[in-house]
Number of protein chains: 2
Amino acid sequence: MNLPLILITNDDGYASKGINSLLNAVKEIGEILFIAPDSPQSGMGHAITVNNPVRCKKTNFFKGVNAYTCSGTPVDCVKMGIHLLKGRKPDVILSGINHGSNVSTNILYSGTMAAAVEGAMEGIPSVGFSLTDFSENADFSYAEQVVAFITKKILKNGLKKGTCLNVNIPNVLESDIKGIKICKQGNAFWEDSFENRKDPMGKDYYWLTGSFASKETDTETDIHYLNNNYVTVVPCQYDMTCHTSVNELKNWIS
Amino acid sequence: MNLPLILITNDDGYASKGINSLLNAVKEIGEILFIAPDSPQSGMGHAITVNNPVRCKKTNFFKGVNAYTCSGTPVDCVKMGIHLLKGRKPDVILSGINHGSNVSTNILYSGTMAAAVEGAMEGIPSVGFSLTDFSENADFSYAEQVVAFITKKILKNGLKKGTCLNVNIPNVLESDIKGIKICKQGNAFWEDSFENRKDPMGKDYYWLTGSFASKETDTETDIHYLNNNYVTVVPCQYDMTCHTSVNELKNWIS
């Protein structure tokens, strides 16, 4: 029996602890194609590299794993991985495990989730996994169990075509996890700020900073459940049409 | 009477013909804050600059216009523009006019549209404009009329909160334009390819290429109407939840 083919990628880069944990979680479940950025690509959203060439190198960083590093973005990694497969199609694409959560509107900024959305666009069941811990040495041991559980579910049941999953895992003791919640994307936003500094030549530069703030009262959201110690699963699609506005605007424009 | 405040940006860079046409189209309608990338940012999607500082410089490139260049992405430009306004809020954000169309799933890759989506997330009515002509010297004269028409409509009527518009304009004679269609995002995809080349040191590098292909039979889409000489307007939202999947998955996961 052929093992399922699992493409794994991330946005923190090939050497991050999170993608090592992702690999650990699924390496016995399937045949792995590992292709991840050669440098951190956080916040790259759905960017692709069109104005520059992309480098792609085979790496022996992971013993016994078919692994590549790529100079591009997470979405470039998915495209390049599919290119390397020469017509074979992954059974599932997994991205992460991200160091830091990707709930709510962060799906738009997240390279981790963009890789999963790109997978959905390729018609491949895809999942982005994130843990609410930004530290390099975050503990992914419970997250690995979640990855294995959800990957097996998808390999068995598939996913609705054109969708992917945004999975966020709270960084609490396993005994404090209340369960898994299927829910919707929360409606929270970054309150941005730019920190103005001077470089050694006395010229201005800026760092984007900010805090993520939710003002909504709806509790059926990923942000709410994650804050209440649930693993959250949001099914996502790449159709960004606001369908309820289509008819409204027909009057508006005439 | 105060003029409305119009923030304009793009992804082709501040010196492109398209953003000059955008400025031309609206400079008499409102007070302008111009902030655009200092280099081309095509394909940057919703990327933000988090691992590097951002530069922002006032420029006199446009006589009599409050204008800045920014080293970041189109979304960085929107965030920086709002930062520069110190609490004042733009009445509308306009992005483009892009050299090349942004129909269908290209909304995900497009820096032009990401700037508009970011505007929607800020609660500001926003529009991305694109012309189906990639050339540097594209003729934007009819597109300018479309920009002025839609901007005036929005300033008068507003837009549903949390939405923005994806406007694509066919590159045909004005006399061949059939009208404006409000429609949905088409379901077409890039058939990607990577061209493998050798650098002068004999090492491999790759260029992402491909062709955009639609296989759908649904004709109520932007890609269909644009191909039939309509100006297309797709109302877009940033909620990527596939709501129909939420209940289905509740059974799936239990």
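Residues are numbered from 1 along each chain as its sequence is written, and chains are lettered from A and ligands numbered from 1 in the order in which they are written. Because the model is predicted, local features need pLDDT of at least 70 and side-chain atom pairs count only at pLDDT 80 or more, whereas totals for chains, interfaces and linings use all residues.

Chain B is superposed on chain A by a rotation of 180 degrees with 0.0 Å of shift along its axis, at an RMSD of 0.0 Å (least squares on the C-alpha atoms of residues with pLDDT of at least 70 in both copies). The two copies are therefore related as by a two-fold rotation axis, and the same surface serves both, 100% of the contact residues of chain B recurring in chain A.

In chain B, 9 strands form an open sheet of mixed pairing in the order β3-β4-β2-β1-β5-β6-β7-β11-β8, with pairing taken to require at least two DSSP bridges between two strands. Strands β3 (56–59) and β8 (179–182) of chain B stand at the edges with a single partner strand each, so one side of each is left without a neighbour in the sheet. The twist from one strand to the next averages 20 degrees. Within this sheet, β1 (residues 5–9) and β5 (residues 92–99) of chain B pair in the parallel sense over 4 bridges, Leu7(B) having Ile93(B) of β5(B) as its bridge partner. In chain A, β3(A) and β4 (residues 66–70) pair in the antiparallel sense over 4 bridges, and Lys57(A) stands opposite Thr69(A) in β4(A).

Helix α2 (residues 74–84) of chain B lies across β1, β2 (31–37), β3, β4 (66–70) and β5 of chain B, and runs at about 140 degrees to β2(B); axes are lines fitted to C-alpha atoms, for helices over the stretch in contact, and angles run from 0 to 180 degrees between N-to-C directions. The axes of α2(B) and helix α4 (residues 111–121) of chain B come within 8 Å and cross at roughly 35 degrees. The contact involves, among others, Pro74(B) and Val75(B) of α2(B) and Gly111(B) and Thr112(B) of α4(B).

In chain A, the axes of helix α1 (residues 17–26) and helix α5 (residues 141–157) come within 9 Å and cross at roughly 50 degrees. The helices α1(A) and α5(A) are therefore oblique to each other, given that angles under 35 degrees count as roughly parallel, over 145 as roughly antiparallel, 65 to 115 as roughly perpendicular and the rest as oblique. The contact of α1(A) with α5(A) has 6 nonpolar, 3 polar and 1 charged residues.

Key: Two residues are in contact if their C-beta atoms, placed from the backbone, lie within 7 Å. Helices (H or I, at least four residues) and strands (E, at least two) are DSSP runs, numbered from the N terminus. Ala, Val, Leu, Ile, Met, Phe, Trp, Tyr, Cys and Pro count as nonpolar, Asp, Glu, Lys and Arg as charged, and the others, Gly among them, as polar.
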